[in-house]
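Dear colleague,

I am handing over a structure for you to look at, and below it I have written down what was found. Please keep the model open beside this message while you read.

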Amino acid sequence: MGSYLVLIPPGENDPEKVRFIRDRFAWLAFLFGPFWLLANRAWLAGFITLALSIALALAGYFEPLSLGASAASLALNLLIGFEGREWKALAMERRGFIADDVVVAPDIETAEAIYFAGRSEKPVFTEFTSGPAGTRAAMPSGIGLMDTYSAR
């Protein structure tokens, strides 16, 4: 079973444009690091991790730093693999997408079926506003390793 973050595009009421992002390790993000983030339009995280990767690659050319730079590079790619999908979701939210729900399901088809079950042909999407201004009290206390949603 996996959890899927459901994101609704800004100003849209079309169920076809709803995005489901699964919370799990992203192998492509681990292997291609910053380039995966940039391809998924997570610009800020992509450019920061690209700069860090370049700095670590340059540090690897110096003999006393080579082992530490290799370990730090591996740790950076692991972090991108674990948190890349979360950073992608945060980038989508900055572009106006609304985090609507978290669905637990074994696959994406089941997650879509659970999410759309009981909804009418034209669902009305609303953002959670039950907490203080600027918080999402109804959202979980974090999808990945880092706590990005504030709790009540």
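**Aromatic rings**

A search of the whole structure finds 8 aromatic pairs, where rings of Phe, Tyr and Trp (its six-membered ring) pair if their centres lie within 6.5 Å, with planes under 30 degrees apart counted as stacked, over 60 as edge-to-face and the rest as tilted. Phe25 counts as buried because its relative accessibility is 19%, whereas Trp27, at 57%, counts as exposed; buried means under 20% relative accessible area, exposed over 50%, and partly exposed in between (1.4 Å probe, protein chains only).

Phe25 also forms an edge-to-face pair with Phe82, at 4.8 Å centre to centre and with 70° between the planes. This pair links distant parts of the chain, since Phe25 sits in the loop between S2 and helix H1 (27-32) and Phe82 in helix H4, 57 residues apart; helices (H or I, at least four residues) and strands (E, at least two) are DSSP runs, numbered from the N terminus. Phe82 has 41% relative accessibility and so counts as partly exposed. Together, Phe25, Trp27, Phe30 and Phe82 form one aromatic cluster.

**The sheet and its helices**

The model also holds an open sheet of 3 strands in the order S2-S1-S3, with antiparallel pairing, and two strands pair if DSSP finds at least two bridges between them. Strand S2 (19-22) and strand S3 (98-105) stand at the edges with a single partner strand each, so one side of each is left without a neighbour in the sheet. From one strand to the next, the twist averages 30°; axes are lines fitted to C-alpha atoms, for helices over the stretch in contact, and angles run from 0 to 180 degrees between N-to-C directions.

Strand S1 (residues 2-8) pairs with S2 in the antiparallel sense over 4 bridges, and Tyr4 has Arg22 as its bridge partner in S2. Helix H4 (residues 66-94) lies across S1, S2 and S3 and runs at about 155° to S2, while helix H5 (residues 108-116) packs on the sheet, touching S1, S2 and S3, in a direction that makes about 120° with that of S3; contact means heavy atoms within 4.5 Å.

**How to read the values**

This is a predicted model, in which local features need pLDDT of at least 70 and side-chain atom pairs count only at pLDDT 80 or more, while totals for chains, interfaces and linings use all residues. Residues are numbered from 1 along each chain as its sequence is written, and side-chain values use heavy atoms, with hydrogens and water left out.

With kind regards
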